[in-house]
Amino acid sequence: MQNEVVSREEWLEARRALLAKEKEATRLRDSINAARLALPWVKVDKDYVFETPEGRKSLADLFDGRSQLLIYHFMLGPDWDAGCTGCSFLSDHVDGALPHLNHHDVTWVAVSRAPLDKIAAYKQRMGWKFPWVSSFGSDFNFDYHVSFSPEDLAKDKVFYNFTPMQPADANDELPGLSAFYRNDKAEIFHTYSSYARGPEELIGTLMILDRAPKGRNEDSTMNFVRRHDEYQEAPKAPSCCH
C-alpha cells in the first residue's frame, strides 16, 4: 500500500496542516503534565518489605537517598518462566535514562512478585542494569492493583486502571507505573499511578516508529514486539547490485 503521491507544494500544505495538530497535541501534553503535577497525594502508612540483592529493604530504602521514586510494576509472576514481552520492551529503554534520572533526584526501581533468583536470572539474560526487587510475600502489588489472586480472578470484577473490569480481560499480573515522594520528615506519599497503555510514552522505539513511513505497522497493540534476544535476522532489502 502506498499513500497518494503529490507535488512538493501540495505536500508542504498538508505538512503544515499536520504541524498545527502536532503543536496542539504538544500544548495538550503540557496541560496534562501540569494537571499530573497538581494531583493530590496519599500518605503511605503501610510498611512494605522487598527482597533485594542487598537484603530486605523497606519502601523508604528503595528511594536510595533521593526524594522521588518511580516504580515500574514489571509483569513477572512467581510461576512465570520469563518476563512479560511488553514490560521487557519498555525496560530496554531504561538503563540509558538512569544517570539522568538519578542526577535529577529520581530513583527508578522495577518490582515484581517473582522470587529474587528468578528476577536475577531474567535480568542477566536481558543484560539490564536497573534496580529490580521482589515483592513476593508482600501486599504491595495487590494494593497497587497490578497483581490478582485466583480468588480475585474468580470474582465478577477486578479493579485495574481505576476501573472495574471483567476477570477474563485481566491476568494474574498486569503492568503499571507508580510514583512516590519522600519528604524531610521521612513521610512517603503516593503521588501518581498509570496502567495499561499509560506508560507508553516511556517506550522510545514506539515514538520513533510513529515517525516512520509505516508507523507502528501492527495488527494489534505491540503485536510485533519480541524480547530483544528473540528476533530472527530480518531479510535485507534487495540490492540493485545483485
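Visitor: What percentage of the residues in the chain is buried?
Guide: Of the 242 residues, 35% are buried, a label that requires under 20% relative accessible area, with exposed meaning over 50% and partly exposed in between (1.4 Å probe, protein chains only). This is a predicted model, where local features need pLDDT of at least 70 and side-chain atom pairs pLDDT 80 or more, while totals for chains, interfaces and linings use all residues. Residues are numbered from 1 along each chain as its sequence is written, and side-chain values use heavy atoms, without hydrogens and water.

Visitor: Why is the pair of Y122 and W128 called edge-to-face?
Guide: Rings of Phe, Tyr and Trp (its six-membered ring) pair if their centres lie within 6.5 Å; planes under 30 degrees apart are stacked, over 60 edge-to-face, and the rest tilted. The ring centres of Y122 and W128 are 5.8 Å apart and their planes stand at 80°, so the pair is edge-to-face. Y122 and W128 are both buried, and the structure holds 21 aromatic pairs.

Visitor: What makes the charged end of R8 count as sitting over the ring of W11?
Guide: The rule asks for NZ of Lys or CZ of Arg within 6 Å of the ring centre and within 35 degrees of the ring normal. The charged end of R8 sits over the W11 ring, 5.1 Å from its centre.
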